[in-house]
2 protein chains.
Amino acid sequence: MIFQPSGRRGEVSKGLTILEASRALGVDIETLCGEKKVCGKCKVRIEEGFFEKYGVQSSLDNVTEWQVEEEKFITAAQKEQGYRLGCCAKVDGDLLIFVPEESRAGKQVVSKAARDIPIEWNPAVKYYSVKVVPPTFEEPTADLERILEQLNGQYGLANLDIDYLTLKKLPERLREGKWEVTVAVWMDKEIIRVLPGKVKDYYGMAIDVGTTTVAAYFCNLATMEVVDTVSMMNPQCKYGEDVMSRITYHMMHPDGLQKMSDDIIEGLNTLVTRACEATYPPKKKKKKKGDMEETGAAKGKKHYLRLSPEDIIDMTIVGNTAMHHILLKLNPEHVGLAPFPPVVHKSLDIKARDLGINVNKSAYVHVLPNEAGFVGADNVGVLIAEEPYKKDEVQLIIDIGTNGELVLGNKEKLISSSCATGPALEGAQLAFGMRAAPGAIERIKIDLDTHEVDYKVIGRDAWKTYSKPEEMETKGICGSGILDVLAELYRSGIILKSGKFSPQQKSKRFRKNADNGQPEFIIAWADETSIGKDVVITQKDIRQIQLAKGALYCGCKLMMRRLGVEKVDKVKIAGAFGTHVEREKALIMGLFPDCEIEKILSVGNAAGDGARAALLNREKRNEANWVARNVEYIELTVERDFQTEFMQAMQIPHMKDSFPHLEGLVPKEILSQK
Amino acid sequence: MIFQPSGRRGEVSKGLTILEASRALGVDIETLCGEKKVCGKCKVRIEEGFFEKYGVQSSLDNVTEWQVEEEKFITAAQKEQGYRLGCCAKVDGDLLIFVPEESRAGKQVVSKAARDIPIEWNPAVKYYSVKVVPPTFEEPTADLERILEQLNGQYGLANLDIDYLTLKKLPERLREGKWEVTVAVWMDKEIIRVLPGKVKDYYGMAIDVGTTTVAAYFCNLATMEVVDTVSMMNPQCKYGEDVMSRITYHMMHPDGLQKMSDDIIEGLNTLVTRACEATYPPKKKKKKKGDMEETGAAKGKKHYLRLSPEDIIDMTIVGNTAMHHILLKLNPEHVGLAPFPPVVHKSLDIKARDLGINVNKSAYVHVLPNEAGFVGADNVGVLIAEEPYKKDEVQLIIDIGTNGELVLGNKEKLISSSCATGPALEGAQLAFGMRAAPGAIERIKIDLDTHEVDYKVIGRDAWKTYSKPEEMETKGICGSGILDVLAELYRSGIILKSGKFSPQQKSKRFRKNADNGQPEFIIAWADETSIGKDVVITQKDIRQIQLAKGALYCGCKLMMRRLGVEKVDKVKIAGAFGTHVEREKALIMGLFPDCEIEKILSVGNAAGDGARAALLNREKRNEANWVARNVEYIELTVERDFQTEFMQAMQIPHMKDSFPHLEGLVPKEILSQK
């Protein structure tokens with residue numbers, strides 16, 4: 001089964017709906033009603049014919065028969081072309097399925113999932129199998145030299161070192177393998193593992209240490225396959241939500257750096273353990289040996305990899321400069337003070353054992369380089385994943401995390417900067433802000449006429465319209481919902497360009513708070529929540545978000561001025577935390593300068609993708625070091641007119657003429673507000 | 001004050017005798033009577049004149065006046081030439097003193113002292129001072145890159161890595177030094193220390209891990225000066241005296257390797273601590289700060305270096321293959337079993353922290369390469385110290401430790417082998433054998449006519465003849481005495497060539513043991529001992545020593561056959577343990593094939609000197625790797641005629657014609673025994 005255009009493929013069992021199959025293969029298809037067959041959003045097209053490239057004979061005969069519910073959403077002409085609803089059609093054979101743009105949930109930034117970016121196979125660690133002859137009186141050469149000779153002869157690997165801990169295991173492994181071993185070589189320089197016999201698969205982990213979220217891609221280094229993606233909250237959150245508060249924590253507490261570093265290292269070790277545990281059969285069935293029968297989606301035998309942390313033989317890490325420094329116990333104090341010098345730019349190769357990271361003790365951890373100021377290895381990750389320095393077009397890449405990071409340019413020149421978006425875009429510091437957890441509003445729609453509200457919460461597929469109030473169990477608004485809320489409030493005229501609530505309100509949802517007299521707008525009524533009170537957005541909330549969006553927009557604008565461009569050719573939105581940013585909403589809000597909507601792309605966790613690229617291709621590490629030193633860093637706060645630009649940028653969208661592409665998205669009468 | 005020919009020099013206070021001064025400067029001058037002015041052995045010659053080379057105005061006026069005791073030993077002609085007794089003449093000004101051959105105690109192998117061998121300054125670690133400009137908004141470059149740029153610009157050091165632990169300290173050190181730091185760079189590759197300000201002196205340690213003794217040279221890497229020499233028993237001795245018994249211990253105990261390794265590591269750490277402690281003022285005077293006044297030999301201000309283990313920034317280690325493997329926790333089992341393959345030949349650079357060695361945590365420990373079988377890094381040390389591969393003459397180098405190691409050859413070809421001399425030459429397994437400790441007989445003379453015995457014990461300068469019996473407090477015979485005893489027994493006709501006691505005995509010292517009827521010879525009467533019984537040498541003892549000397553001789557002989565030489569041009573005796581081998585005695589015993597006595601040289605702890613050379617000159621490390629792979633290793637036990645040669649070699653000296661140089665050393669009638 002293959003999904004286009006993502007190219008994701010895999011075996012799925014017959015009888016699954018196409019929607020279920022898409023989830024199993026990591027393809028995101030839109031669904032509003034929670035598969036009740038009533039919203040029609042999950043339209044897909046079954047391709048007919050034999051597709052030589054994939055070796056697939058796909059046909060409408062390979063799905064179950066037409067259902068009456070589909071008539072409402074699919075026209076006769078579409079039916080002719082092979083359209084079906086993903087929630088109705090079930091798999092009954094080989095299929096090539098095209099997911100049309102409007103059905104793709106993937107147009108949102110799905111934060112930490114691994115994307116398909118093209119990576120050439122050239123990992124820093126490679127496995128080599130060698131066979132040696134046993135020692136004799138004539139040739140009593142040592143174990144190591146025996147192997148080195150073969151590695152040189154067979155693979156041209158000369159002057160190899162060997163990690164001390166690996167050397168200790170060498171004599172046993174060599175004899176266990178009856179003089180045949182597989183040797184892991186790091187960067188053609190150092191032997192870091194010796195295993196008896198022939199071993200094909202080996203593993204590594206690429207990690208994105210975000211201020212709020214940590215994500216790890218567990219990869220097979222031989223096949224480049226992502227075995228698993230695991231993530232967790234950054235355990236340092238308890239010391240402060242943003243980078244500055246963590247740096248302050250370090251400055252106020254003599255053991256602050258140690259504690260924060262130990263916590264994140266422990267966090268990484270938890271991710272490693274979790275990823276490895278997932279390669280074993282579930283514990284209940286532990287008694288059975290060998291392959292296990294599956295009960296879930298994919299029936300039939302499943303091969304469990306049964307990996308241990310020792311099997312993780314390489315690791316790459318990205319993170320902003322503060323996360324980078326704190327993880328490595330490098331004093332982050334100076335990067336927090338003007339002129340913000342980091343301790344180090346260049347990438348570092350540190351033995352996992354020296355960092356206390358529980359993977360193979362001989363493995364190196366490759367920490368990607370920092371650019372400047374807070375623009376760290378995470379942004380370098382974004383750059384090597386997106387490669388704007390190879391393009392003619394001028395790209396603006398926005399990585400919206402707790403700290404906003406901006407890159408602008410093309411192969412001629414690249415500049416970067418960071419802006420303090422603050423935690424508002426992540427839902428923090430708002431009246432009903434919350435993290436991306438079940439019950440958090442992540443999408444919203446406000447009817448232009450009635451100003452009625454429809455929304456969706458995390459953990460529930462069906463929108464409110466398709467649900468009973470008590471089914472929603474709403475708790476608050478998460479980062480992904482924030483922009484939606486504000487954009488819809490503006491689009492529907494509930495708030496003005498200035499961010500203030502309009503004096504004319506049609507809906508009962510607007511009120512002044514009984515306690516403080518502040519205006520607020522009710523998103524979810526108390527009976528839809530699990531917290532027993534109305535979930536509202538207040539005037540103060542709106543100000544917070546305006547500050548954040550203003551910082552971003554102003555940053556983009558000043559960078560464009562610095563680069564001398566009037567217009568960017570492409571905007572890429574990378575999300576380092578759990579936010580899903582819908583590009584229309586971002587444009588409506590004026591998060592960044594105007595751009596054709598088709599040229600606004602969500603690139604997901606590009607920082608993590610960059611870490612993965614550096615894990616799978618050593619050349620990407622060189623590229624990273626090169627680009628880190630060749631991006632010109634702009635300290636925005638000392639740019640001319642910073643304050644003025646910032647104040648202006650807080651308007652939603654602050655100048656009509658600058659946003660021609662908003663027409664169609666926002667009613668004309670709203671856009672032409674004074 | 002300068003001593004010739006050793007060239008040792010230094011400041012000493014007026015009023016010291018020349019003997020006392022010689023000790024203060026590490027020059028060994030013979031003394032038998034314990035400075036009672038009665039043996040006349042400490043003759044030296046005062047050189048007269050101005051010696052431009054040294055900037056010394058030396059004159060007989062610069063010593064105190066002639067004493068009556070000197071008349072007995074110094075002829076009028078000698079007096080004219082400037083001869084004095086070292087125990088009588090006292091220092092009273094600048095002096096250049098020549099120590100004649102017969103007065104040099106240095107003609108014996110003084111095992112662990114550092115010799116003056118020519119070493120070119122090129123240590124693996126070098127210090128570089130740099131000054132950088134503080135960061136600004138225009139140049140907010142990171143701390144590390146700021147320094148790297150300077151190191152590259154000023155010293156041409158490019159692409160440097162930095163040790164992770166060093167990096168952690170960098171920001172503080174840089175600011176502490178007000179943007180001036182001194183950086184330790186290892187092998188032009190890696191920064192391993194950053195110190196604030198300008199630092200000139202830095203330190204390293206060269207270590208010789210012998211089976212029995214461990215010696216460490218604490219060196220100033222900037223000046224090449226040996227700051228101190230510290231040594232100790234190998235703490236592994238409790239697991240077995242020789243390498244095979246230690247390997248056996250490992251094979252019989254699952255935690256044996258761990259325990260033995262931990263013990264030697266702890267031992268090395270003790271040496272490090274001791275060496276560092278010696279750079280502080282004695283504890284009693286701890287309250288005083290700054291320079292201390294000296295009470296002992298060298299009056300005036302003494303500058304204490306006040307070094308800590310962290311100041312030791314480089315370390316080199318040599319040891320035989322078994323010591324090498326056990327120290328590094330490399331399984332030594334296979335090197336103990338035919339065909340004796342080691343785990344590794346090549347030199348290793350291991351972080352001190354990975355080995356648990358308490359020097360600077362970022363420092364590397366350089367372990368020299370192994371040759372083959374038991375001929376390990378210690379012999380490589382001997383080779384790079386003696387450099388026979390640079391000479392035309394055919395050298396035979398014998399390193400007599402618990403395991404004998406032999407090298408033969410010249411720049412054309414070098415071969416090496418080891419022979420199981422066993423512990424007899426070290427005094428072990430003999431009736432009254434003991435370690436080189438106070439009370440151990442280390443020198444002996446037997447009167448050819450009366451067969452009366454004179455001897456000297458460790459810890460007492462005066463020979464028995466010059467002492468009262470009860471002053472001797474003799475306990476046994478140490479390694480250094482063993483050869484002396486046997487050579488003297490043979491020379492005086494008490495034992496025959498075969499090693500058997502002669503049927504004709506003149507002395508009351510010969511008797512049959514009351515308990516077992518075995519013949520024995522009394523060296524020290526009970527009243528001269530602290531153990532209350534006669535110290536004897538038994539027929540069995542003699543057999544043990546014959547086995548040892550036979551193994552050595554036979555090894556040399558077989559190697560000469562293999563190399564196709566009839567005669568060696570030079571014999572060098574290196575001692576890895578506390579033995580003092582007198583060359584005449586070694587020749588009399590037939591430890592090695594005949595050689596002109598002037599061509600027999602004691603080279604002291606050449607293995608340790610090699611470690612020191614590798615510490616002070618990185619090129620020596622390459623040379624070591626090269627020579628380790630270019631010495632051909634001969635497994636003696638599988639050589640043709642090994643058994644026959646071995647049996648023959650047990651005779652003392654086994655063939656008259658082979659030892660023309662014995663004439664004069666041994667009475668003719670003894671030599672012509674059948």
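Reader: How do β16 and β18 of chain A run, parallel or antiparallel?

Author: They run parallel in this predicted model. Three bridges join β16 (residues 312–319) to β18 (residues 364–367) of chain A. In that pairing, A:Thr316 stands opposite A:His366.

Reader: What sheet of chain A do they sit in, and what's the strand order?

Author: An open sheet of six strands, in the order β13-β12-β11-β16-β18-β17 of chain A, with mixed pairing. The edge strands are β13 (226–233) and β17 (348–351) of chain A, and each of them pairs on one side only. From one strand to the next, the twist averages 20 degrees.

Reader: OK, what does β12 of chain A pair with on the β11 side?

Author: Seven bridges join β11 (residues 203–209) of chain A to β12(A), and these two strands run antiparallel. A:Asp208 has A:Ala215 as its bridge partner there.

Reader: Is β12(A) buried or exposed?

Author: Buried. Eight of the eight residues of β12 (residues 213–220) of chain A are buried, so the strand is largely enclosed by the rest of the structure. A:Thr213, A:Ala215, A:Tyr217 and A:Cys219 point one way, while A:Val214, A:Ala216, A:Phe218 and A:Asn220 point the other way, and all are buried.

Reader: Switching topic: how does chain A superpose on chain B?

Author: By a rotation of 180 degrees with 0.1 Å of shift along its axis, at an RMSD of 0.2 Å. That is the relation of a two-fold axis. Of the residues of chain A, A:Asp354 comes closest to the rotation axis, with its C-alpha at 4.6 Å. The same surface serves both copies, as 100% of the contact residues of chain A recur in chain B.

Reader: How much area do the two chains bury between them?

Author: About 3600 Å², 66% of it on carbon and sulfur atoms. The contact takes 42 residues from chain A and 42 residues from chain B.

Reader: Which three residues of chain A supply more of that buried area than any other three?

Author: A:Phe137, A:Tyr164 and A:Pro339, which supply 18% of the area that chain A buries against chain B.

Reader: I was looking at B:His345. Where is it?

Author: In the loop between α7 (321–327) and β17 (348–351) of chain B. B:His345 counts as buried, because its relative accessibility is 1%.

Reader: What does B:His345 touch?

Author: Leaving aside residues up to four places away in sequence, B:His345 touches residues of chain A, including A:Pro140, A:Thr141, A:Ala142 and A:Glu145. On chain B, its contacts include B:Pro369, B:Asn370, B:Glu371 and B:Arg629. B:Glu371 is 26 residues apart from B:His345 in sequence, yet 6.3 Å apart in space, C-alpha to C-alpha.

Reader: Last topic, cores. Which residues have the most contacts inside the largest nonpolar core?

Author: A:Leu489 and A:Phe592, in a core of 74 residues. Helix α12 (residues 539–563) of chain A gives the largest share of this core, eleven residues. A second, separate core has 73 residues, including B:Leu408, B:Phe432, B:Val453 and B:Ile542.

Reader: What does A:Leu489 touch?

Author: Not counting residues up to four places away in sequence, A:Leu489 touches A:Ile446, A:Ile494, A:Ile495, A:Phe521, A:Ile537 and A:Ile542.

Key. Residues are numbered from 1 along each chain as its sequence is written. Chains are lettered from A and ligands numbered from 1 in the order in which they are written. This is a predicted model: local features need pLDDT of at least 70, side-chain atom pairs count only at pLDDT 80 or more; totals for chains, interfaces and linings use all residues. Side-chain values use heavy atoms; hydrogens and water are left out. A nonpolar core is a set of buried Ala, Val, Leu, Ile, Met, Phe, Trp, Tyr and Cys residues joined through side-chain atoms within 4.5 Å. Buried means under 20% relative accessible area, exposed over 50%, partly exposed in between (1.4 Å probe, protein chains only). Helices (H or I, at least four residues) and strands (E, at least two) are DSSP runs, numbered from the N terminus. Contact means heavy atoms within 4.5 Å. Two strands pair if DSSP finds at least two bridges between them. Axes are lines fitted to C-alpha atoms, for helices over the stretch in contact, and angles run from 0 to 180 degrees between N-to-C directions. Copies are superposed by least squares on the C-alpha atoms of residues with pLDDT of at least 70 in both. Buried area is the accessible area (1.4 Å probe) that two parts lose on being put together, summed over both.
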